[in-house]
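Please read this short report alongside the sequence and the structure. It moves from strands to a helix, then to cores and backbone exceptions.

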Amino acid sequence: MGQVTSLDRRALCPKWLTNPRALRRAVAVGSVPPVDSAPGFAIWAEDPPASPVVISVPHAGRDYPLSLRAALRSSLAAAQLLEDRHVDAVAHAARTTETLLVQLRPRAWIDLNRAEDERDPAVDEGASVATGSAKVAHGLGLIPRRGGAGELWRRRWSDAEVAARIASDHRPYQLALGRALAATRARWGVAVLLDLHSMPPLTGAAKGVGVVLGDCWGETAAPRLVAAAESAAEAMGMRVQLNTPYAGGHILARHGRPATNVHAVQLELDRSLYLDRALDRPGPGLAHTARLVRRVIAALADEALGYAAPLAAE
């Protein structure tokens, strides 16, 4: 399925994601925009959830607002370097019945894999000077400062502009993802979040690594789930690393709660597996990469359903 319209997005949401009373309460406290304000993400889901796995794709958005384009210091290509380029195409090809959330607006607009307080004072007038975030220090905060090797923006964003993005994009995505996981756990007794990303080809000692799995160094998923995903990727001929150089970010830390049977695993794919030689457009390897992700999804689902009770005790 291709990109959907704002009306289509609401039609694709099952009842448990669009409860009017819950949305009215959220709007009242400012956590999401009004229902008639189209979100920056799309959802595909069955009602009730048909799988214990929920897939999140937070960094593949390509809907660049005009205000963002106008504020760029250089070309749009610099901002596009922040994308997990076309990894949403892999997710769609791999998905069967799993709940799938895909962010449509770009990472350069707001990074859903950062906490709300990871704000960079160099580009954000409302940011605290002392954030203490290494990611912010490297220019990759809630509003990224750098794309590739260069600075992105002609000006700083006002506190009101950043707050509006948090309200219209960041919080609604996290709220919907949390609801999807809660509904999945209610249906299956366990929920597994697969947060799907892609990475530039690794170099040095990691050259040839096609998959990096992250669980925030053992904090966000039961070890047997990560082991199942690792075995599935290796069975497809992949060289796999765990937590290095990508252990997971805000999405895993926020939603992964193994003690309550909600687990979260990050999956990073080498972009050369599924893109063309320029790492720009979907390439001949996309179908094989989708089969790889499908195998990982199936392994996570099988492991979760087979050991839902023991997982709660780990």
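## Strand 1 and its partner

Strand 1 and strand 3 (residues 99-103) run antiparallel and are joined by four bridges. Strands pair if DSSP finds at least two bridges between them. Helices (H or I, at least four residues) and strands (E, at least two) are DSSP runs, numbered from the N terminus. Phenylalanine 41 has glutamine 103 of strand 3 as its bridge partner.

This is a predicted model, in which local features need pLDDT of at least 70, side-chain atom pairs count only at pLDDT 80 or more, and totals for chains, interfaces and linings use all residues. Residues are numbered from 1 along each chain as its sequence is written, and side-chain values use heavy atoms, with hydrogens and water left out.

In a regular strand the side chains alternate between the two faces of the sheet. Strand 1 (residues 41-44) shows Phe41 and Ile43 pointing one way, with Ala42 and Trp44 pointing the other way. All are buried. Buried means under 20% relative accessible area, exposed over 50%, and partly exposed in between (1.4 Å probe, protein chains only).

## Helix 7 and histidine 170

Helix 7 covers residues 159-188. How far apart are its end C-alpha atoms? They are 41 Å apart, which agrees with the 44 Å that its 30 residues should span at 1.5 Å a residue. The expected span is 1.5 Å times one less than the number of residues. Helix 7 has a kink of about 40 degrees, centred on isoleucine 166. The bend at a residue is the angle between axes fitted to the seven residues ending there and the seven starting there. Just after helix 7 comes glycine 189, with a positive phi of about 85 degrees.

Histidine 170 sits in helix 7. Its relative accessible area is 0%, so histidine 170 is buried. A polar atom of the histidine 170 side chain lies 2.7 Å from the backbone oxygen of arginine 114. Not counting residues up to four places away in sequence, histidine 170 touches several residues, including Asp111, Arg114, Glu116 and His250. Contact means heavy atoms within 4.5 Å.

The largest nonpolar core has 45 residues. Val57, Val211, Leu267 and Leu269 have the most contacts inside it. Helix 10 (residues 286-306) gives the most to this core, with ten residues. A second, separate core has 36 residues, among them Tyr64, Leu68, Val123 and Ala180. A nonpolar core is a set of buried Ala, Val, Leu, Ile, Met, Phe, Trp, Tyr and Cys residues joined through side-chain atoms within 4.5 Å.

Leaving aside neighbours within four places in sequence, the contacts of leucine 269 include Val87, Val90, Val211, Leu292 and Val293.

## Backbone exceptions

Most residues other than glycine have a negative phi, and most peptide bonds are trans. Where are the cis bonds? One runs from aspartate 47 to proline 48, with omega near 5 degrees. Proline 48 is in the loop between strand 1 and strand 2 (53-57). Another joins threonine 244 and proline 245, with omega about 5 degrees. Proline 245 lies between strand 8 (240-242) and helix 9 (250-255), in the loop.

Histidine 86 is not a glycine, yet has a positive phi of about 55 degrees. Its place is the loop between helix 4 (76-80) and helix 5 (87-94). Histidine 86 is buried because its relative accessible area is 6%. Tryptophan 217, also not a glycine, has a positive phi of about 55 degrees. Its loop joins strand 7 (211-214) and helix 8 (223-235). Tryptophan 217 is exposed, with a relative accessible area of 60%.

Key. Polar contact = N/O pair within 3.5 Å; in protein donor to acceptor, adjacent residues only side chain to side chain.
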